[in-house]
Amino acid sequence: MEAAARRRQHPGAAGGPGAQPGASFLQARHSSVKADEAASTAPFHLDLWFYFTLQNWVLDFGRPIAMLVFPLEWFPLNKPSVGDYFHMAYNIITPFLLLKLIERSPRTLPRSMIYVSIITFIMGASIHLVGDSVNHRLIFSGYQNHLSVRENPIIKNLKPETLIDSFELLYYYDEYLGHSMCGCFTPTKAENSMPGAALLLVVPSGLYYWYLVTEGQIFILFIFTFFAMLALVLHQKRKRLFLDSNGLFLFSSFALTLLLVALWVAWLWNDPVLRKKYPGVIYVPEPWAFYTLHVSSRH
């Protein structure tokens, strides 16, 4: 009698005779979902995203500007320039901020994958540092960014001609390999609304990524990453899982970047000189090539 009464009071107790088949599994699964939902919610990391945006604008976008502003005699052509020091600081600070973001993320990738991604980023950034440093010195010698390597007047006269191949190899390391490796790691995280501070950071963040995509010539890598993010967001949405404020901030920044790149390409679509410099299906002119062609040449 007492046992029957206990069973009537707890008809669905896990493991009891009155429990429905699979009840224990469903209860455990429900608890796991609740735990995952609690773990996937993270506050907006205003400090880290602000530092990211600030150092991107100062150390990356501001790097070539600083090289134009500081007197050349302060940084001789056979020594590191002010831009090189900016680049060195960028190569140290960016991986550090990425690691801090990963530390705060409720879900992280396997540690070995994180290590490989960070190492790859640093290697690509270092290649880019060397390429940009040499390119800066070539500009002072008359190199024109809007022309290809072989079409530049100062390159055409090199003897022996095999030296031109060496400069093309340097260009490949800088513009293709280095930029691709720099852009291979993106911190993504999976509150469905952004605070006001995040909204204010979206515009400078998206504008910087536009500069990174166009000047770095990594549009293919960027568009692949963006649509991979979009597919993941839509897939998770079907499971009633939504981006937190950090993921929404990054996704919004990338969406703005895509819009800015589209407007940039549309504006320069019929430019004959840049069209010749960037042949092929993917036409995304570099801002500094536009600057040397249409701005600096007028002064």
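Which residues does Ser205 touch, not counting residues up to four places away in sequence? Ser205 touches Thr53, Phe249 and Ser253, where contact means heavy atoms within 4.5 Å. This is a predicted model, in which local features need pLDDT of at least 70 and side-chain atom pairs count only at pLDDT 80 or more, while totals for chains, interfaces and linings use all residues. Residues are numbered from 1 along each chain as its sequence is written, and side-chain values use heavy atoms, with hydrogens and water left out.

**Overall make-up**

- The chain holds 12 helices and zero strands; these elements are DSSP runs numbered from the N terminus (helices: H or I, at least four residues; strands: E, at least two).
- Of the 299 residues of the chain, 39% count as buried; buried means under 20% relative accessible area, exposed over 50%, and partly exposed in between (1.4 Å probe, protein chains only).

**Annotated spans**

- An unreviewed UniProt entry carries the annotation "transmembrane region" for residues 85-102, 114-131, 208-235 and 247-269; the positions are given in the numbering used here, feature names are shortened, and annotations may be inferred rather than shown by experiment.
- Residues 85-102 are 100% helix and 0% strand, with the end C-alpha atoms 26 Å apart.
- Residues 114-131 are 100% helix and 0% strand, and their end C-alpha atoms lie 26 Å apart.

**Ser205 in α8**

- Ser205 is located in helix α8, which spans residues 196-216.
- Ser205 counts as buried because its relative accessibility is 6%.
- The side chains of Ser205 and Ser253 make a polar contact at 3.2 Å; such a contact is a pair of N or O atoms within 3.5 Å, and within protein one must be able to donate a hydrogen and the other to accept it, with residues adjacent in sequence counting only if both atoms are side-chain atoms.

- Gln217 is in the loop between α8 and α9, and its phi is near 55 degrees, a positive value in a residue other than glycine.
- With 24% relative accessibility, Gln217 counts as partly exposed.
- Phe222 belongs to helix α9, residues 219-238, and is buried at a relative accessible area of 5%.
- Leaving out residues up to four places away in sequence, Phe222 touches Val213, Phe254, Thr257 and Leu258.
- Phe222 and Trp210 are 12 residues apart along the chain, and their C-alpha atoms are separated by 10.0 Å.

**Helix α12**

- Helix α12 (residues 287-294) is mostly covered, with six of its eight residues buried.
- The buried residues of α12 are Pro287, Trp288, Ala289, Phe290, Thr292 and Leu293.
- Their cover includes α3, α8, α10 (245-267) and α11 (272-277).

- Leu46, Phe50, Tyr51, Leu54 and Val58 form a nonpolar patch on the surface, with about 450 Å² of accessible area together.
- Patches are made of residues with over 30% relative accessible area and no salt bridge; like charges are joined within 9 Å, and nonpolar side chains (Val, Leu, Ile, Met, Phe, Trp, Tyr) within 5 Å.
- A salt bridge is a side-chain nitrogen of Lys or Arg within 4 Å of a carboxyl oxygen of Asp or Glu.
- Tyr51 lies in helix α3, residues 46-69, and counts as partly exposed at 44% relative accessibility.

Methods:
Areas by Shrake-Rupley, 256 points an atom, 1.4 Å probe, with all protein chains shown as cover.
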